[in-house]
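User: I have a structure open and would like to go through it step by step. Could you help me read it?

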Amino acid sequence: MAVTLGIYYLTPFIRWDRGPNLPDQAVLVDLAGRRFYFFWIEIWPHEFYFVAGLLIMAGLGLFLFTSALGRVWCGYTCPQTVWTDLFIATERWIEGDRNARVRLWKAGWNARKIRLRVFKYVVWAIIGLLTGGAWVFYFADAPTLAVDLVTGQAAPVAYITVAILTATTVLMGGIAREQVCIYMCPWPRIQGAMMDEGTLTVGYRDWRGEPRGKAHDGTTGDCIDCMACVNVCPMGIDIREGQQMACITCALCIDACDDVMDRIGKPRGLIDYLALSDQPPADDISQRAAVVPLGVSTQADGVSIPVAGQARSAPNTAPVPIITTAPKGWQPQPIWKHVLRPRTIVYTVLWAAIGVGLLFALFIRPEIDMTVAAVRNPQFVVLSDGSVRNAYDIRLRNKHGEERAFHLSLTADDTLRISLEGRTDLTVPVPADATFRQRVYVTARPGDAAAFADRTDLRFWIEDIVSGERAHADTHFFGRDMQ
Ligand code: SF4
Ligand code: SF4
């Protein structure tokens, strides 16, 4: 929680010197300037494929982690989990531990209850306000916007965004909490396709814990049925019932149960990260369970276990010792065998391939660029001397931090002539870190082949006069025979 919240709240305030004329905020979505800045990387609108590639990598990363470690994203880094944890922590700070909160919930309204409730909602509202406030800082210079927000000089859209995010943060993290994960989020429904019997996830070693109970006569398993694991669960579920859709694998139940095991002198790990394939052999469990005369049930996976309480309460049945240690010679698989499996290797290879491709594209992308849009209304015009002229709108991009002059030229049928609207030469100054639109005319004289041809291939070139960098774009010239 501290790490993820720290990243979220502090990132907009990290400064990054990009030179003059460019923003010095390390992470900035500049909607007005149509740029995305991420430390030394600057993404232009026409390079949106980088963002698409990152989103695909994020998706594959989610597949990879879910197939290896279950819902670790949900349990540790999902904003819904992180903010819910934060709201629960403040609730615990203000209203006390779980038992105190239940007592307060059941108590009638009195001065103390009203005071605690009002204080809690004020703190929640402040958290929501900071959360919405931090979000808008990603879209403008954070220190400037912070001052503007406080002094009432920020744009209305900033206040509206902060207000909406304040309300949704309190609603989702403070009030709805686990309902969002269970009923609103699609991920619990998808995760089943990502997980298999080799996936490490939070589970209960029923062969060790059952039958659960507090008897100290050797007739119960290691689970003393204290409900600590259920009480800490933010989703309100009982992991001892088996894997459930609602479980976000936050592992709070592992910590709670390990504490209990420490106190009663049993080995930790009754609830643990484990895989279905980590169960001791079913035959072995069946034999061990067979020593219990009553209350044997069959789990969904075919493993027979004694049912809590029935063996002890059965009349005329002598207590029978329950064995809660793993069968001799049996060991769960090492973690690396769960993590390194064919499907996780395939996900990793795909993920890495896209990452390497994006890095490669990032390092070879040019600092100057152009796009050409032919003006097709009309397709061509015939001038008074019989020449045929086509018009083009050329967008020249200068990604340098200072103004650069671009020289325009043409490779095509060498009878074609190029001229620039509003200029006497073929050199265009393009401001720093900007896109400049230039109308360009290409003309074929009356007797030239291009004047009559249906279409002639054209290639426009630009050359940065300072650095010699070049870029090109292809299009066509339409003559009078154009259909
Ligand atoms: S915390 Fe452990 S001992 Fe207590 S009920 Fe849960 S599984 Fe059983
Ligand atoms: S069952 Fe355990 S791991 Fe799953 S959500 Fe509840 S506390 Fe977290």
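Predicted model: local features only at pLDDT ≥ 70, side-chain atom pairs only at ≥ 80, totals over all residues.

User: Which residues come nearest to ligand 1?

Analyst: Of the 15 residues around ligand 1, the nearest are Cys223, Cys226, Ala228, Cys229 and Cys257. Two or more residues of this shell come from each of helix H12 (228-232) and helix H13 (252-264).

User: And what is the shell around ligand 1 like by class?

Analyst: The shell around ligand 1 has 11 nonpolar, 1 polar and 3 charged residues.

User: How many residues lie around ligand 2, and which come nearest?

Analyst: There are 14 residues around ligand 2, and Cys233, Ile239, Cys247, Cys250 and Cys253 come nearest. By class, the shell around ligand 2 has 13 nonpolar residues, 1 polar residue and no charged residues.

User: Is Thr249 buried or exposed?

Analyst: Thr249 is buried, because 24 other C-beta atoms lie within 10 Å and the cut-off for a buried residue is 20 or more.

User: What about Phe39, buried or exposed?

Analyst: Phe39 counts as exposed, because it has 10 C-beta neighbours inside 10 Å, and 12 or fewer is the limit for that class. Phe39 lies in the loop between strand S2 (35-38) and strand S3 (41-43). Phi of Phe39 is also positive, near 50°.

User: New topic: at what angle do H6 and H8 cross?

Analyst: The axes of helix H6 (residues 111-137) and helix H8 (residues 156-176) cross at roughly 130° and come within 7 Å. H6 is therefore oblique to H8. The crossing of H6 and H8 is right-handed.

User: Which residues make that contact?

Analyst: Among them are Trp124, Ile127 and Trp135 of H6, and Val162, Leu165 and Val170 of H8. The residues of the contact of H6 with H8 divide into 11 nonpolar, 8 polar and no charged.

Definitions and conventions. Residues numbered from 1 in each chain as written. Chains lettered and ligands numbered in written order. Near = placed C-beta within 6 Å. Helix = DSSP H or I, 4+ residues; strand = E, 2+ residues; numbered from the N terminus. Nonpolar A, V, L, I, M, F, W, Y, C, P; charged D, E, K, R; others polar. Axes fitted to C-alpha atoms, helices over the stretch in contact; angles between N-to-C directions. Parallel < 35°, antiparallel > 145°, perpendicular 65-115°, else oblique. Left-handed = near helix turned anticlockwise from the far one by under 90°. Contact = placed C-beta atoms within 7 Å.
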